[in-house]
Amino acid sequence: MIKNFIQNYTQNLITLLQNIDKNSIEEIVNILEQNQKDNSKIYIIGNGGSAATASHIVNDLGVGLKRRNIRKFNVISLADNTPVCSAIANDIGYDNIFYMQLKDTI
């Protein structure tokens, strides 16, 4: 049974990787390169388990690339500040936790 699971799982991964839209990846890379040139901030958001993913992305784009002298991105996860998120949720509603952190930033 576990062999079937592994076979199906790896086959699904292979299929997903083969179907990645390479134009979308190129567009993302171009946006990130322009962001670095402009020294702009990148905001990453995630809710629930995706908040942990957002933190991990920030780690990879921020510290991970910087320490290897590959890139220096100014990247922030809006889910990382628990006191801010819970204060906004308490005062004006959970639906506003990211909006209020980004309001008036651009």
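**Close-up 1. Helix α3 and the strands against which its buried residues pack.** The buried residues of α3 pack against β1 (41–44) and β2 (74–77), where contact means heavy atoms within 4.5 Å, and where helices (H or I, at least four residues) and strands (E, at least two) are DSSP runs numbered from the N terminus. This is a predicted model, in which local features need pLDDT of at least 70 and side-chain atom pairs count only at pLDDT 80 or more, while totals for chains, interfaces and linings use all residues. Residues are numbered from 1 along each chain as its sequence is written, and side-chain values use heavy atoms, with hydrogens and water left out. Within α3, the buried residues are Ala51, Ala54, Val58, Leu61, Gly62, Gly64 and Leu65; buried means under 20% relative accessible area, exposed over 50%, and partly exposed in between (1.4 Å probe, protein chains only).

**Close-up 2. The length and bend of helix α3.** Helix α3 covers residues 49–67, and its 19 residues should span 27 Å at 1.5 Å a residue, which agrees with the 26 Å between its end C-alpha atoms; the expected span is 1.5 Å times one less than the number of residues. At Asp60 the helix bends by about 30°, the bend being the angle between axes fitted to the seven residues ending there and the seven starting there. After α3 comes Asn69, whose phi is positive, near 55°.

**Close-up 3. The largest nonpolar core.** Eight residues make up this core, namely Ile42, Ile44, Ala54, Val58, Leu61, Leu65, Phe73 and Val75; a nonpolar core is a set of buried Ala, Val, Leu, Ile, Met, Phe, Trp, Tyr and Cys residues joined through side-chain atoms within 4.5 Å. The largest share of this core, four residues, comes from α3. Leaving aside residues up to four places away in sequence, Val75 touches Ile42, Ile44, Val58, Leu61 and Gly62.

**Close-up 4. The salt bridge between Glu33 and Arg71.** The side chains of Glu33 and Arg71 meet in a salt bridge, with 3.1 Å from N to O; the term requires a side-chain nitrogen of Lys or Arg within 4 Å of a carboxyl oxygen of Asp or Glu. Because Glu33 lies in helix α2 (residues 22–38) and Arg71 in the loop between α3 and β2, the pair ties together parts that are 38 residues apart in sequence. Glu33 counts as partly exposed at 30% relative accessibility, and Arg71 counts as partly exposed at 29%.
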